[in-house]
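Let's walk through this one together, with the sequence and the 3D view side by side. Have both open before you read on.

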Amino acid sequence: SSVGEINMNANGADSTYIRQAMGFDTHRLAGNESCLTYLWQMRVNGGSDRVGVAIEQVDGDFMDRYGYDRDGDLYKFVQRSNLNPVFYDTVTGIEKKTGDKADLSTVSALVAGLNQRSSAGRRRYVIGNLDIPQILNYLAVRSITQDADDVRKNFYGYVDSRGDQRWRIFPWDKDWTFGVTGDGGTYLSHPFF
């Protein structure tokens, strides 16, 4: 089969070059959906260029591998223009990767459901709309890996919009793990840290 996209990342904040692979592998070993990743020696004109971190793209092939409908709604949560956590609003930091890229209705419903005024309403929404075992497993691994960079970005959200209508989280960008600290900003005191 053909390859549609290759991600060759630099080591980022990880001087050891192993944190990204360890982060993704920890998710996978814990039973979470996670990208395959490898260290590659990159060469230019026969000479050594650098070590790159090859990371599988979260796309239709990824969805197929894990048994999800590739026509569900897949979102990448990226750098926001503010320090608000990602599920605070839908103003910034959201890229829809499938279907109508301008239609953010499913993620808007998620944000509204998670921000209901009453705790009973939020509880009902979470129970009815999130894959709770998958989300809790993601959060447990996030805590174990000490991921300091995914409160407001650096993960994918997926809702099986034609199937069970439940949200899942897939990891992305794991160079700020296993002791590299930083991007939680004013939310570093949050219990998930």
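In which segment does Asp173 lie? Asp173 sits in the segment after β7 (167-171); strands here are DSSP runs of E with at least two residues, and helices are H or I runs of at least four, each numbered from the N terminus. Asp173 isn't a glycine, yet its phi is positive, at about 55 degrees.

A quick word on what you're looking at: this is a predicted model, where local features need pLDDT of at least 70, side-chain atom pairs count only at pLDDT 80 or more, and totals for chains, interfaces and linings use all residues. Residues are numbered from 1 along each chain as its sequence is written, and side-chain values use heavy atoms, with hydrogens and water left out.

Strands count as paired if DSSP finds at least two bridges between them. Three bridges join the antiparallel β1 and β3, and Asn9 stands opposite Val53 in β3.

Next, follow the chain to the loop between β2 (37-44) and β3 (47-55), where you'll find Asn45. Asn45 has a positive phi of about 50 degrees, although it is not a glycine. Asn45 counts as exposed because its relative accessibility is 82%; exposed means over 50%, buried under 20% and partly exposed in between, using a 1.4 Å probe and protein chains only.
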